[in-house]
Amino acid sequence: MCIKSQTHFNSFSRLLSLSIYMSGGGRVQGLSRSCILLIVIAGMERFAFKGVASNLVTYLTDVVQMSNSSAAKTVNSWCGFTSMLPLLVAPLADSFWDRYSTILTSSFVYVLGLGAVASTATIWTWSPPSNKSSPAFLFWSLCLISLGQGAYNPSLQAFGADQLDHDEELPSSKDDKNSNKKSLFFQWWYFGVCSGSLLGVILMSYIQDTFGWVLGFAIPMFAMITSVAIFTCGNRIYAYKPDESIDSKPFQNILQVIKVTASKLVNGRIRINLPDDKSDVGELELQEKPLCDQKFGSNGGFDGNLRNKTHLLENAKIVLRLLPIWAMLLMFAVIFQQPATFFTKQGMTMKRNIGRNFRIPPATLQSAITLSIILMMPLYDKVLIPITQIVTRNQKGITVMQRMGVGMFLSIIAMIIAAVVETKRLEINRKTSSLESETVELSIFWLLPQYVLLGISDIFTVVGMQEFFYNEVPVRMRTMGFALYTSVFGLGSFLSALMISVIEAFTSSGGRQSWFSDDMREDGLDKYYWLLALASTLSLLFYAIFCKFYTTRSELENGNCK
């Protein structure tokens, strides 16, 4: 069975490589071999992670003997922690290591965590887990996976984007071409990630349920080891971007600038002298090579002290000014938590029969999101972009910020559809009220539109977020940029849990029925979906306002050189 599974996995890797390669007429419209290789490696990592995470609740309840609520809270907390950890790890990676070294080191920690999880399944096959020590060991094993992934994923994606042409950041006639190439890279990166995730969910869930947890956790570990081996074999084709011209510890220096500025504000002695347009002192340290002529001092060197202070202050301002956009994306992340929770709960009460004997597991509809991404991603580049190029008369079609906005709008439509379907389900339930069963005569396939729309919205917003945060942070902090992207979903999961707790406490007060009642015939999920749609609409409105007054990094560069 292990050989058969490895054969399926190798076939997936070859198929993913071939699909990416053929989609652009052989070389994916300029993407290098190293880009394609790293996209495949990213898909293998997602296969390994989803192979553990997708069915972890079942492992905790069946093997570790946790209650359903405790297992659900553990998985949700772990996923949120895993998504937030890059915010802490990425600055350290940017400050002390180059991306290649970070990938190798973090992959070792990643594999160690996967091996520790697999070892729990091996040990507990022969001896049942104890009440105290076993969950603790599993918890620390999962933390190792989180720690490894926290540095691995943003570093790998930043390293992959570094494989694009080295002159992509220079203002030239190639700007649009390079921008299109980056957009294409992020699209296919997400395609690879989704392909790996889909295979991990479907294949590993089947193996774990059918052949046991030892094999079910061992395969993701060996898949990750294989991906690391493939990564090291590509050394000769990788492009390495030197960082000599960039400050070696940007994150520490940004904190130092904030501390000094705050101190001056408290003492009332802050004074910022802005250089004139002809001076090079105000040049932003956003690229590896200077874009403007620099003025030397009388001693033949740069005015280093003033220049460094100005650069560090500008870098801090660049990161801080991303926060309004970052905050407005949180509601999109909250909506994205629904398929694994309340959408599945909806499906459990609907008609799921196909034929006489087979019933659709409600959780399998989550694969519709990934499938819609995989199927629609090529159409985005081949159909939608050419149409928008004609309409907007822009070579790129739509800007990155417009792309994220379109995805946010589609997620709102998905929640409206979910609310309408839930309202219809409750109406049918009331008309055919039965004390014996919560199941209503409404097909589960009525939930498909909301799943598919969320998948399409992913193509716009998630891919746009990756490109946006990559472009808008200083070059030496691009790992931090991807950490900002993943932290949106990490904080979104915590925010979703907080909203549920607050709404449940408010709606159940005074003896009233909670919106999240265990009795699906009396719940208020339709109201909750309408509330999410309203909150997301407000977020989209403020997002549009912030975008109108937002100055992109390229605009700052061009303005600095005039």
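Leu-379 belongs to helix α15, which covers residues 367–392; helices (H or I, at least four residues) and strands (E, at least two) are DSSP runs, numbered from the N terminus. The model is predicted: local features need pLDDT of at least 70 and side-chain atom pairs count only at pLDDT 80 or more, while totals for chains, interfaces and linings use all residues. Residues are numbered from 1 along each chain as its sequence is written, and side-chain values use heavy atoms, with hydrogens and water left out.

Leu-379 is partly exposed, with a relative accessible area of 42%. Here buried means under 20% relative accessible area, exposed over 50%, and partly exposed in between (1.4 Å probe, protein chains only). Together with Leu-371, Leu-375, Met-376, Val-383, Ile-387, Ile-390 and Val-391, Leu-379 forms a nonpolar surface patch of about 770 Å² accessible area. Patch residues have over 30% relative accessible area and no salt bridge, and nonpolar side chains (Val, Leu, Ile, Met, Phe, Trp, Tyr) are joined within 5 Å, like charges within 9 Å. A salt bridge is a side-chain nitrogen of Lys or Arg within 4 Å of a carboxyl oxygen of Asp or Glu.

Helix α14 (residues 339–348) has Pro-339, Phe-342, Phe-343, Thr-344, Gln-346 and Gly-347 as its buried residues.

| Helix | Residues |
|---|---|
| α13 | 330–335 |
| α16 | 400–431 |
| α17 | 448–472 |
| α18 | 478–507 |
| α19 | 525–548 |

Helix α15 is also a packing partner of the buried α14 residues.

The whole structure contains 22 aromatic pairs. Rings of Phe, Tyr and Trp (its six-membered ring) pair if their centres lie within 6.5 Å; planes under 30 degrees apart count as stacked, over 60 as edge-to-face and the rest as tilted. The Phe-185 and Trp-189 rings form a tilted pair, because their centres are 5.5 Å apart and their planes lie at 50°. These two residues are 4 residues apart in helix α8 (residues 175–211) and therefore separated by about one helical turn. Both Phe-185 and Trp-189 are buried. One aromatic cluster consists of Tyr-100, Phe-159, Phe-231 and Tyr-238.

The count of disulfides (cysteine sulfur atoms within 2.5 Å) is 0. Cys-35 is buried, with a relative accessible area of 1%, and Cys-194 is buried at 5%.

Overall, the chain has 20 helices and 2 strands, and 52% of its 562 residues count as buried.

Terms used
Areas by Shrake-Rupley, 256 points an atom, 1.4 Å probe, with all protein chains shown as cover. Contact = heavy atoms within 4.5 Å.
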